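Dear colleague,

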Amino acid sequence: MSFIVLIATGLLIPLFYRNNIFIAKMIAVVAFIVAAYFVYQGQSLNSVFPYFVMTKATMIMEFALLATLAAVSLTLTGFERPLIAQMLFLGAVSLGLLETNNFFLFIVLFEVVAIISYILVANIRNFNNSEGAIKAFIAGAVASGIILLGFALFSFTSESFNYSDMNVSGKFTLIAVAIMLAGIFYKLTIVPMHAWAADAYSQVNHAAAAILSGVIKSVVLVATFKAFYKFMIAYPVATVLIFSFFAIVTMTLANFMALWQKRISKILAYSSIAHSGYALIPFAAAASIYSFAGILYYAVAYIFMQTSVFLILNDFRREAGVKFLQDIKGMGKRAPLHSLFFTVQLFSLAGIPLLAGFLSKAVAFYAGVDAGLWPIVLIAVLNSALAVGYYVWIIKHIYFDKSENEAAVKMSAGSLIGQLILLAGTVYFGIVAGNIIGAGMHFSF
Amino acid sequence: MVAIDIIFAPIFLSILVYFLTKGAEHITKYIALGWFLVLFFISLSWLHQLPAHGFLQLGTYLQVPAFNFDLTLQVDALSVAMLLLTSLLLILVVFTSWNEKNQASYFSLLILFSGPIFGVFMTTNVLWFFMFWELTLVPMLFLIGMWGAERRIYAAIKFFLYTHVFAMFMFVGFFLLYKQTGYWDITQIKEAALTTPALIWWLMFAGFAAKLPLFPFHTWLPDAHVQAPSSISVLLAGVLLKMGAYGLIRFTVELLPATTREFALWMVVFGLLTTFFAGMLAIYEKHIKKMVAYSSISHMGLVVVAIATMTYDGLSASLYEMIGHALIISPLFLIAGWLHHKTHTWYMNEMGGIMKYAPYASAIFILAGMAALGLPGTMGFVGELTIIISAVKSFGWWIAVIALGGFISAGYIIWSVRRAIHGEPSEIVLNSTFEMSAAEKFALAVFAFLIVYFGIVPQPIFDVANKAFSSFFGGM
């Protein structure tokens, strides 16, 4: 039901947003709320189709997803209106991707998400936008090809594609999984498949980048973990080696790259890449019972904070023409509300406590310690301490420096409500961990 | 419910306070003062409710059964002593920053700071302890970065990054504690269950050592303390450094006694190095506030030596010296900052003859300085004497070299008094006006009174120490 509601609204909404974006936004928000209600009732795809199951963990992730999408749609203005329809489609497909327990459907829905993301970035206003969009498209197409190659290999060895009775001990399974992971690492922006993301995230429209780097990445993280869980259990040594290696390389390189950047969107893009690195630690620690709780918590926390920072940057760019670090000097005075939200979410990304960013990192990294990978966790926490360097550097520009321009930057009501929703998510999951860890600990695919 | 409210209410309401008092900024300091008085009296009531041994239960909140994780709040005499010290310093800091600029944000940040700092001393859950520990950095970052002196931004970011990086070692240590015992609560963790106690000990020690700070990890402190406004230096020296010492007592001596005994000599070596090295730097320093900052580091070295004895005497002495250090260093920082504010110079050799123009401040500077070098009748004397006696009892006569620390502090204190307070007034001093507001005078008087009072009547603090440490070693 929730799937149908979102798709139907997505098809209808272009009729409204030509004339009045406010009504279109309201309809979209109502659609997200209705979808969330159906998810709560257990009447999502699982009640209609086979191969979809709803667990408590899935439900929490879906609530986070729908709340974030509603918040994003509230903040949109003007030429960003096509995003509303695309987000409704994206929401619907993401519900499927999160609920599915079939590997074939996982690959199909993954491709659908990829196609929606190409349309998302194709909202081109200038040369930079088109460069980012082309890069996202070409990298995505390459990734799709690689994933399909791996999947074709895998399909020779397995009779069934259900997560529970896939054959994971075939002759080609390990190489097939490795090839598929190479493709999925493009989407998760793991070094060395990250190069497109640094440009795409920073050059496409920031609202699209918020969805691309925040929403889609979180959904793909959870779905990928569920899809590959059986493989990771079957090949424990390869899992630890592959994922620890890529985790360390990704976070270290991305953090050092972020330190050099002058463009704020590029800093946030590299921070997003670094976060993919942290999120690989629960993958490496798949043997631990905390691994799924870790990845679920990470995704839920990340969806709120990453989306929020890009949306605020979008507001800054639109209202004050902010591009570089020097442009946000003195924003603490000019735009107190924006700056407050931005600072809190940046602290959350940096892993400061009482915000979701800390507890999610704590649980995800604890999974690593639980699996006996404490040296890797030590590298990861030192990396996240290094990352504080560039987050605090942004905050330094906002609050400690004086600006040349004194014009106040106003915050629209929609933007305020959207940011409040995202802030509520960040703060709530930063203090109350019971639901999410409980749901993540008792999982079965 | 009151226990959890005192931690979380200031964290969330401080933002509200900021936006509500934006038009009438002077109200904020009264709100802050009122709140800190409430905190002080609540801590005082806990002191009276304390059981003879162990913890006073304040409740368990936010349970996460799957992770065996909850916010357990309980206080023993050691935590209550820290809470009383914290709230007292917060109250006095309101007076010393009575005329601070941008009051709405300044006092909102102070209120915000009071939440996590109470959390640090109130919870016995290791992960929540770490969360509050980290959260104290955020208001401090803004307080140093926005109200500090010329190089405030450098100092604020260095302080934040440095302590954050070292806290990360502690974080992994805490993870290993839980991994190997299955409990987050320090009252339930048993040392015998640990498989790698040495590794955990060193990881945790790195975090505490950077906060204290011990000798090789101390470089953030001179910058942060010098660039911070004086009132914030008071909080840094009086409260944040105490977090490190508190952590050492709680997480090494109490939690891992056997491992700590194994590495106690390392602690002594680090403590002695800190005392001598920082003391030497203080002699060399011409910068008045840097001199005070190094003196503060030097005294924390003594605290670590006292903790390393792991005896009832040593721990009591360390608690006494912790409180004494907070009360002695604070007026020194305040007067050093005030002198800079009036004369616009940091250097003692450019001052001189201040006694003639600002007798009140000079008198209290001399009193606190004498306390810092251990003059009988002040807190410094009792603290240093008990530390030396307990250390000699535990480690043998050679540890008496620690008394050299007292000589070194005599060197820098007396020389600084000679250069800055006495002597011929310099050009700069002659051209300055020395006025002190009544609020600042009041705060300094309270510090001076407490230094002398507890120096003559040390028993109240040792009574608290008796309650705090008797359960460790079977009482006295």
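What percentage of the 476 residues in chain B do buried residues make up? The share is 60%. Please bear in mind throughout that this is a predicted model.

Chain B as a whole

Chain B contains 20 helices and two strands. Its radius of gyration is 21 Å, close to the 23 Å that the globule rule gives for 476 residues, so chain B is as compact as a globular protein of that length. The C-alpha trace of chain B spans about 65 × 60 × 40 Å along its principal axes. Among contacts in chain B with a separation of 6 or more, 79% are between residues 24 or more positions apart.

Helix H1 of chain B, residues 2-20, has a kink of about 35 degrees at Ala9(B), shortly before the proline Pro10(B). Pro10(B) is itself one of the buried residues of H1(B), which also include Ala3(B), Ile6(B), Ile7(B) and Ile11(B). Further along H1(B), Ser14(B), Val17(B) and Tyr18(B) are buried too. These buried residues pack against helix H2 (26-49), strand E1 (56-64), strand E2 (69-75) and helix H4 (103-122) of chain B.

Strand E1 of chain B holds Leu62(B), which has a positive phi of about 50 degrees although it is not a glycine. Asn68(B), in the loop between E1 and E2 of chain B, likewise is not a glycine and has a positive phi, of about 55 degrees. Leu62(B) counts as partly exposed because it has 16 C-beta neighbours inside 10 Å. Asn68(B) counts as partly exposed with 14 such neighbours. By way of background, most residues other than glycine have a negative phi, and most peptide bonds are trans.

Cis peptide bonds

In chain A, one joins Val191(A) and Pro192(A), with omega about 10 degrees. Pro192(A) is placed in the loop between helix H8 (173-187) and helix H9 (195-203) of chain A. In chain B, the bond from Leu212(B) to Pro213(B) is cis, and omega is near -10 degrees. The loop between helix H8 (197-211) and helix H9 (220-227) of chain B holds Pro213(B).

A glycine in helix H11 of chain B

Gly271(B) lies in helix H11 of chain B, residues 257-284. Gly271(B) is buried, because 26 other C-beta atoms are within 10 Å. From C-alpha to C-alpha, Gly271(B) and Gly301(B) are 4.2 Å apart in space, while 30 residues separate them in sequence. Apart from neighbours within four places in sequence, Gly271(B) is in contact with Gly301(B), Leu302(B), Val304(B), Val305(B) and Ala308(B).

A helix pair in chain A

In chain A, the axes of helix H6 (residues 103-121) and helix H10 (residues 206-234) come within 11 Å and cross at roughly 175 degrees. H6(A) is therefore roughly antiparallel to H10(A). Among the residues making the contact are Phe103(A) and Phe106(A) of H6(A), and Ile211(A) and Leu212(A) of H10(A). The residues of this contact comprise 11 nonpolar, one polar and no charged.

Where the chains meet

The contact between the chains takes 29 residues from chain A and 27 residues from chain B. On the side of chain A, the elements that give two or more residues are helix H16 (356-370), helix H17 (374-400) and helix H19 (434-441). H17(A) provides the largest share, 12 residues. By class, this side of chain A has 24 nonpolar, three polar and two charged residues.

With kind regards

Key
Residues numbered from 1 in each chain as written. Chains lettered and ligands numbered in written order. Predicted model: local features only at pLDDT ≥ 70, side-chain atom pairs only at ≥ 80, totals over all residues. Axes fitted to C-alpha atoms, helices over the stretch in contact; angles between N-to-C directions. Helix = DSSP H or I, 4+ residues; strand = E, 2+ residues; numbered from the N terminus. Parallel < 35°, antiparallel > 145°, perpendicular 65-115°, else oblique. Contact = placed C-beta atoms within 7 Å. Nonpolar A, V, L, I, M, F, W, Y, C, P; charged D, E, K, R; others polar. Buried ≥ 20, exposed ≤ 12 C-beta atoms within 10 Å, placed from the backbone. Bend = angle between axes of the 7 residues up to and from the residue. Rg over C-alpha atoms; globule rule 2.2 N^0.38 Å.
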